[in-house]
Amino acid sequence: MENEKKKRIFSGVQPSGILTIGNYLGAIKNWVDFQDENDCIFCVVDLHAITVHQVPADLRRRTYETLAIYLACGIDPAKSTIFVQSHVPAHAELAWVLGCSTMFGELSRMTQFKDKSARNAGNVNAGLFTYPVLMAADILLYGTDLVPVGKDQQQHIEIARDIAIRFNQTYSDTFVVPEGFFPKSGAKIMSLADPTKKMSKSDANQNGFISLLDDRDTVMRKFRRAVTDSETEVRRAPGKEGVGNLMTIYSCFTGKTDAEIEEEFRGLGYGEFKEAVGAAAADGLAPLQARFKELMADKSYLEGIMKEGAEHANHIARKTLSKVYRKVGFVGL
Ligand code: TRP
């Protein structure tokens with residue numbers, strides 16, 4: 001074990017809104033557990049965020065908030081590198097080169113592009129189209145072995161792998177071919193308003209998601225309104241996706257198994273169950289929210305973390321980029 005090389009882990013979140021418990025339980029909570037055994041890099045991907053229009057002042061504030069959320073969730077700057085994407089120019093630079101190894105046809109097949117361009121019909125910009133190339137650059141710059149992300153990002157991981165393999169074949173071995181890591185439990189938290197859809201911070205229906213910063217009353221109210229079914233029994237079964245989703249959330253916050261949850265609420269009905277899920281979520285979020293508030297009150301601390309993270313990330317990224325530039329035949333000075 002001694003000289004077994006640590007795995008490089010890379011992941012990122014867009015600063016495009018306050019994260020939901022879906023992002024937390026499905027992604028960030030798992031990242032925290034990775035930190036001890038691996039070499040982790042976590043990025044706030046602001047370059048990605050501007051593929052849909054952002055009000056500049058909001059983007060700036062959310063970049064701080066996303067960083068503060070990382071820290072409040074337990075990402076530890078003493079163990080992991082945390083940085084903001086636009087502070088490391090190599091991301092945009094490598095994206096250009098990789099774009100020249102990516103086919104129009106393969107980008108056209110990306111379901112996220114199709115979804116987002118349908119939702120933003122008035123702003124189907126080239127950045128939205130080449131988004132996966134920038135994401136591939138993020139990952140490949142750091143010799144990433146594993147990318148922990150939600151299932152919805154699987155297609156983007158696959159294209160990053162394809163781009164890496166193609167570049168390696170054309171120019172000789174350069175990139176580590178990364179793998180996606182999709183957590184089993186809590187990987188997919190569904191909307192409280194429509195349990196067939198993934199919980200999303202960009203959902204127009206505020207009742208569909210629990211933001212990490214929702215106060216206790218809001219959390220309780222949203223869980224009381226959560227869509228279930230016409231039965232009364234707390235169990236996981238087809239047609240009971242709403243109840244199943246609440247069980248997943250309850251399990252993530254309490255550590256209880258499905259069997260334990262079914263036992264606990266046998267004969268009690270949905271009213272009591274929803275109260276319990278709401279209380280568990282509110283209790284689970286309280287310490288995180290307190291820490292978030294402290295961090296947001298100390299911008300210079302957050303800027304210090306950004307600076308340190310950017311320096312370390314830049315160091316690694318520049319090395320990869322110069323290797324790539326050499327391989328493709330650019331003259332170095
Ligand atoms: N596309 C990812 C999302 O929307 C965010 C992201 C950008 C990312 N670059 C990344 C995730 C690199 C993992 C690795 O969730």
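Predicted model: local features only at pLDDT ≥ 70, side-chain atom pairs only at ≥ 80, totals over all residues.
Helix packing comes up first. Two packed helices are described by the angle between their axes and the distance between the axes. Take helix H6, which covers residues 111-119, and helix H7, which covers residues 126-140: their axes come within 10 Å and cross at roughly 160°. That makes H6 roughly antiparallel to H7, since an angle over 145 degrees counts as roughly antiparallel. The crossing of this pair, H6 and H7, is right-handed. On the H6 side, the residues that meet H7 are Gln 112, Phe 113, Lys 116 and Ser 117, and their partners in H7 are Leu 128, Phe 129 and Tyr 131. Sorted by class, the residues of the contact of H6 with H7 come out as four nonpolar, two polar and one charged.

H7 also packs against helix H8, made up of residues 154-171, and here the axes come within 9 Å and cross at roughly 70°. H7 and H8 are therefore roughly perpendicular to each other, as angles of 65 to 115 degrees are counted that way. The crossing of H7 and H8 is right-handed. From H7, the residues taking part are Tyr 131, Pro 132, Met 135, Ala 136, Ile 139 and Leu 140, and what they meet in H8 is His 156, Ile 157, Ile 159, Ala 160, Ile 163 and Ala 164. In the contact of H7 with H8, eleven residues are nonpolar, one is polar and none is charged. Tyr 131 turns up on the H7 side of the contact with H6 and also on the H7 side of the contact with H8.

A further pair brings together helix H3, residues 56-72, and H13; their axes are 11 Å apart and the packing angle is about 80°. That puts H3 roughly perpendicular to H13. Tyr 64, Leu 67, Ala 68 and Leu 71 are the H3 residues making the contact, while H13 supplies Lys 299, Tyr 301, Leu 302, Glu 303, Ile 305 and Met 306. The contact of H3 with H13 has eight nonpolar residues, two charged ones and no polar ones.

H13 spans residues 299-328, and Glu 311 is found in this helix. Is Glu 311 buried or exposed? With a relative accessible area of 59%, Glu 311 is exposed, because anything over 50% falls in that class. Glu 311 and His 156 are 155 residues apart along the chain, and their C-alpha atoms are separated by 27 Å. His 156 is one of the H8 residues that meet H7.

Next, the cysteines. How many disulfides does a search of the whole structure find? The count is zero. Cys 40 shows why: the closest cysteine sulfur to its own is in Cys 43, and at 14 Å that is too far for a bond, given that a disulfide needs the two sulfur atoms within 2.5 Å. Cys 40 counts as buried, at 1% relative accessibility.

Asp 36 lies in the loop between helix H1 (21-34) and strand E2 (39-44). Setting aside neighbours within four places in sequence, which residues is Asp 36 in contact with? They are Lys 6 and Lys 79. Along the chain, Asp 36 and Lys 6 are 30 residues apart, yet 9.8 Å separates their C-alpha atoms.

Ser 172 sits in the loop between H8 and strand E5 (179-181). Most residues other than glycine have a negative phi. Ser 172, though not a glycine, has a positive phi of about 80°. At 38% relative accessibility, Ser 172 counts as partly exposed.

Asn 207 is in the loop between E5 and helix H9 (216-224). With a relative accessible area of 21%, Asn 207 is partly exposed. Not counting residues up to four places away in sequence, Asn 207 touches Leu 192, Ala 193, Arg 221, Lys 222 and Arg 225. From C-alpha to C-alpha, Asn 207 and Asp 194 are 9.6 Å apart in space, and they are 13 residues apart in sequence.

Notes: Residues numbered from 1 in each chain as written. Heavy atoms only, no water. Axes fitted to C-alpha atoms, helices over the stretch in contact; angles between N-to-C directions. Helix = DSSP H or I, 4+ residues; strand = E, 2+ residues; numbered from the N terminus. Parallel < 35°, antiparallel > 145°, perpendicular 65-115°, else oblique. Left-handed = near helix turned anticlockwise from the far one by under 90°. Contact = heavy atoms within 4.5 Å. Nonpolar A, V, L, I, M, F, W, Y, C, P; charged D, E, K, R; others polar. Buried < 20%, exposed > 50% of the residue type's maximum accessible area, 1.4 Å probe, protein only.
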